[in-house]
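Good morning, everyone, and thank you for making time for this. Please have the sequence and the structure open while I talk, so that you can look up each place as I name it.

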Amino acid sequence: MVGVGVDRVVSPVCVGRGEALEMLAGALRTAVGHGPAVVLVAGEAGIGKSRLLAEFARTLDGSVPVIEGACTEFASAGGDGFAYAPFVAVLRRLIRGGAVTSGGRAFRELARWFPELGEPSAADTGKHRLYEDVLALIEESAATRPLVVVVEDVHWADAASRELLAFLARNLTRPGILLIATYRPDATRLGRLGPLLAELVRGPRTTTLRLPRLGREDVGRQLAAILGTAPDDRGIEHVFRRSEGNPLFVEALAHADERTPDSLRELLLQGPRALPAPARRLLGLASAAGGRIAHRLFEELAEESGDRLDALVRLLVDHGLLVPDGDGYTFRHALIRHAVYEDLLPGERARLHARYAAALSDGDAYAELAAHAAEAGDHASALAAAYRAAGQARRSYAHADQVHLLEQVLDLWDRAPGVGPELGVDLAGVRTEAAEACMFSGDYARGVEHASAGLDVVDERRFPERVALLLEHRGRLLHRLNIIGTPDFERALRLLPDDPDHTQRGRLLGILAMGLLPGSDRARQAFAAALCSGRRTGDATVTVRGLLGRGALHRDLDALTEASALAAHLESQDLLLTVPMYEATLHMRGGEHRRAIDTALAGAERARRFGFGLSRGADLTCYAVRALILTGAWDRAAALLDETLTASLPPVQEQVLRSLCGQLALLRGDVRAAQSALAETADSPHDAHMFHQYQWQPLLALAQGDAERADRLLGRALADPGLAGLHGIDSRPVLVAGALVQRARGASHGAAVAARRAELRDLDAVFGLGEDGTYERALRTYLYALLDDTGWEGAIGAWRELGQPYELAHSLLYGGQAALTAGPRQRPCPARRGRKPGRLPRRGAPVPADRPVRRARHGRGRPPTHPARTRCARPDRRGPEQPPHRRTPAHLPQYGGRPRLPHPDQTRRHDPYGSRGHRPPERARPVGPTGTPVGQRTRPVGPSARCRLAGRGWRALPIGPPSRGAPR
């Protein structure tokens with residue numbers, strides 16, 4: 001190319017990254033001034049991610065420690081690194097740097113990795129305790145000065161490392177901590193990396209930094225820094241064209257002649273092939289390690305030793321092939337390691353891996369030993385090491401890694417006969433462990449496959465309890481896939497002795513009860529038996545499940561409190577997060593909607609903290625949204641739905657949340673959005689949430705003006721026997737929707753409407769579980785008011801007491817209509833009893849629902865005869881959370897049938913479009929949930945053209961004007 005002034009391999013200058021360095025510095029300032037920050041550095045292989053971070057560390061000049069840990073790839077490990085590998089490296093450096101002081105916090109879980117921290121915890125305290133220890137150690141390290149933690153090559157991270165990284169990003173609170181993660185935006189990796197990135201980018205102080213390729217000018221500057229002299233334009237153009245601006249390729253091409261290799265592999269091998277034979281052998285040995293290699297292991301495996309080994313290592317470092325990394329070495333770039341490893345002959349690779357396996361056989365690095373033994377062809381050693389490594393992964397709560405290692409055992413099982421008995425395990429035992437690990441890792445479908453395969457190899461007559469355990473695992477996995485797993489539970493119970501002291505039987509009873517409809521006799525019996533078994537055997541898990549059933553069936557909040565305390569002692573986050581779901585339901589049944597909101601949101605926040613945000617967290621969000629809708633906090637409910645649906649949720653949780661979006665849209669009069677959202681979830685499985693489809697599908701049909709289709713949908717809903725097994729807050733709203741449908745159908749279907757109303761009354765007698773709560777009693781009062789068109793005072797009082805403005809508006813409207821139809825009262829309204837005649841109540845006090853009628857009957861405030869003005873509904877910017885006296889008339893719900901002022905001379909309704917009552921199609925209004933045009937409003941009856949139907953500022957009902965012939 002050009003004359004060489006200085007023989008360098010790596011540019012001493014970081015070229016073209018000034019803006020990126022400034023962004024990193026800004027992120028550190030944000031971390032110090034506002035709280036922990038996260039930076040995601042994305043770039044292709046060779047683009048300079050590691051070099052950028054090294055330059056950033058150099059600019060800090062030691063004032064801020066930069067602690068690094070890298071994920072490593074090992075081909076035989078399925079492309080994933082080893083469990084927690086980057087964080088073990090980070091924590092090791094922090095501990096050696098003095099982060100742990102005597103007399104400080106005892107890191108009992110970390111002692112499993114670092115014996116110098118003392119005795120590890122003897123009990124299985126749970127994954128979140130390990131994560132809390134990691135979090136506490138990092139925050140303690142940043143107590144006196146800022147700290148930068150770097151996790152490189154996250155695209156190779158194992159599932160446990162990805163989960164821990166997300167946990168730290170969510171829960172770090174101490175200012176001054178900057179968390180940096182680098183990754184390759186490779187489409188083949190984003191399948192498993194995508195959920196992590198999606199969660200990280202939503203953080204309030206997260207910055208994504210994408211490194212572009214270098215331009216022609218920057219390539220020239222990089223070449224000049226490497227060569228020590230400015231290259232000519234022809235040389236710059238040649239390197240720029242061949243490298244396409246990738247800094248690693250620029251370095252490889254800097255010393256190449258005009259006849260450069262066509263393939264990247266050959267280009268990267270030019271330097272290693274020019275080395276002396278001893279150095280090439282040592283470099284090949286390093287490439288077989290799969291990542292970082294400790295100097296101690298280098299000394300043990302290398303043919304050279306002492307000064308000669310140091311000289312060879314120095315040669316490799318000077319040529320830019322290896323770089324020092326703590327007490328060991330790693331390749332300057334993974335692409336170089338790949339090229340060197342692939343250049344080895346198959347026999348050379350096998351011998352090198354065999355040497356690694358022999359060196360590791362006396363230690364406890366079982367995962368690495370299994371990988372090397374498998375590559376060396378030693379199947380027996382690989383199987384034994386993989387099974388022991390799976391046990392280590394389970395104890396470290398790395399369940400995805402446990403599944404991979406157990407599957408490696410299964411792959412080797414037939415090639416290494418006799419090893420299983422030596423380990424004390426058979427094929428069915430491995431399948432059982434794999435199914436359980438899949439349940440904890442979230443890979444439910446794969447777990448079903450393992451459980452089914454295990455059932456195929458176990459004799460039910462000889463080993464009934466082992467078969468029952470596999471059936472239990474498969475049933476739970478099917479349940480989490482939203483598939484009925486009850487038959488497996490029932491079959492497992494038949495295999496076990498009918499003994500209340502049998503722990504496995506008690507556990508199965510509790511699981512079975514939680515999977516059944518809560519009102520079924522089988523569920524009641526199973527909950528009671530589980531609680532009895534748990535009390536007798538002292539099994540806290542079984543006791544918790546029994547207490548949940550007792551709390552749900554008997555509205556026993558003390559039972560749920562006890563269940564929560566026991567679950568916290570068990571360190572079972574999944575079970576602990578189930579308790580607030582039951583508590584929220586109990587609060588809603590009792591009409592304490594705001595307590596339900598607080599309970600559900602606190603549980604959802606805890607779920608997100610411990611990595612259950614997409615499962616239990618989404619479930620709890622559903623409970624919060626339902627309570628928010630009932631209290632009229634629609635804007636807050638919509639914001640919560642939008643925030644939750646941005647995540648990659650499991651199908652079941654996503655369907656429930658989208659169903660709630662449709663319900664909220666229908667309440668707001670957006671029929672098109674409601675139809676779209678509810679159509680997406682129309683065929684969803686009917687769990688306790690999806691039964692709400694039965695309520696809203698008929699109301700949607702009413703909003704679309706099709707009362708008969710609404711009644712057909714209602715009939716299909718009422719035919720489902722599962723409704724009778726739900727709580728009243730889940731089943732009785734379906735009956736209320738049915739009553740609204742019959743009200744809209746009117747007298748034109750007299751016999752059919754009467755029959756349907758009788759059916760609704762009969763079903764109400766069997767719906768609901770146990771004693772009704774305040775909300776359930778209000779629903780019943782409202783239902784009978786709709787069916788009989790009487791008792792509206794009770795419904796109004798119930799909804800006002802519960803603080804449910806939408807249902808209150810319903811009752812006020814229908815109560816006013818009923819009062820208009822009923823005629824003058826023979827005695828004072830209950831709301832006026834005890835008052836002096838002629839005195840108005842104080843402002844804001846309840847006003848009798850029939851006052852507009854009585855005032856009109858006595859000739860006061862007669863309505864004008866001119867046509868009423870109409871207007872379309874306008875969205876209220878204040879939202880439904882505002883107090884009632886702040887709402888505009890447009891917020892009142894529109895319901896079927898405009899009542900007319902009862903007057904002897906009134907013969908027809910006023911028609912603003914002519915005496916024929918024809919409205920042009922282009923002027924037709926959208927209709928509300930019960931078939932009345934949205935925004936329909938006429939001049940009200942009463943003095944000053946506005947009456948107070950009920951206190952606290954509710955606007956007048958839409959009373960229809962008299963006909964043209966009515967007296968003035």
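This is a predicted model: local features need pLDDT of at least 70, side-chain atom pairs count only at pLDDT 80 or more; totals for chains, interfaces and linings use all residues.

Let me begin with a meeting of two helices, where Ser659, Gln663, Leu666 and Leu667 in H34 are in contact with Gln693, Trp696, Leu699, Leu700 and Ala703 in H36.

Let me now step back to the whole chain, which has 43 helices and eight strands. Of its 968 residues, 53% are buried. If we take the contacts in the chain with a separation of 6 or more, 68% of them come from residues 24 or more positions apart.

Next, please turn to the strands, and in particular to E3, residues 147-152. Are the residues of this strand mostly covered or mostly uncovered? The strand is mostly covered, since six of its six residues are buried. Leu147, Val149 and Val151 point one way from E3, while Val148, Val150 and Glu152 point the other way, and all of them are buried.

Which strands pair with E3? One is E2, residues 66-70, which pairs with E3 in the parallel sense over five bridges, and there Ala70 stands opposite Glu152. Another is E4, residues 177-183, which runs parallel to E3 and is joined to E3 by five bridges, with Val150 standing opposite Ile180. Between E3 and E4 the chain crosses through helix H5, residues 159-171, and this β-α-β crossover is right-handed.

Pro733 has a relative accessible area of 7%, and because buried means under 20%, Pro733 counts as buried. Which residues does Pro733 touch, once we leave aside its neighbours within four places in sequence? Pro733 is in contact with Gln695, Gly728 and Leu779. Gln695 lies 38 residues away from Pro733 along the chain, and yet the C-alpha atoms of these two residues are separated by 6.3 Å.

Finally, I would like to show you two loop residues with a backbone angle worth checking. Most residues other than glycine have a negative phi. Glu244, however, has a positive phi, near 55°, and sits in the loop between helix H8 (233-243) and helix H9 (247-254). With a relative accessibility of 49%, Glu244 counts as partly exposed, because a residue has to be over 50% to count as exposed.

Asp789 also has a positive phi, near 55°, and its place is in the loop between helix H40 (774-788) and helix H41 (792-802). Asp789, with a relative accessible area of 32%, is partly exposed.

That is where I will stop, and I am happy to go back to any of these places with you.

Notes: Residues are numbered from 1 along each chain as its sequence is written. Side-chain values use heavy atoms; hydrogens and water are left out. Buried means under 20% relative accessible area, exposed over 50%, partly exposed in between (1.4 Å probe, protein chains only). Helices (H or I, at least four residues) and strands (E, at least two) are DSSP runs, numbered from the N terminus. Two strands pair if DSSP finds at least two bridges between them. A crossover is right-handed if, with the strands pointing away from the viewer, the path from the first strand over the helix to the second runs clockwise. Contact means heavy atoms within 4.5 Å.
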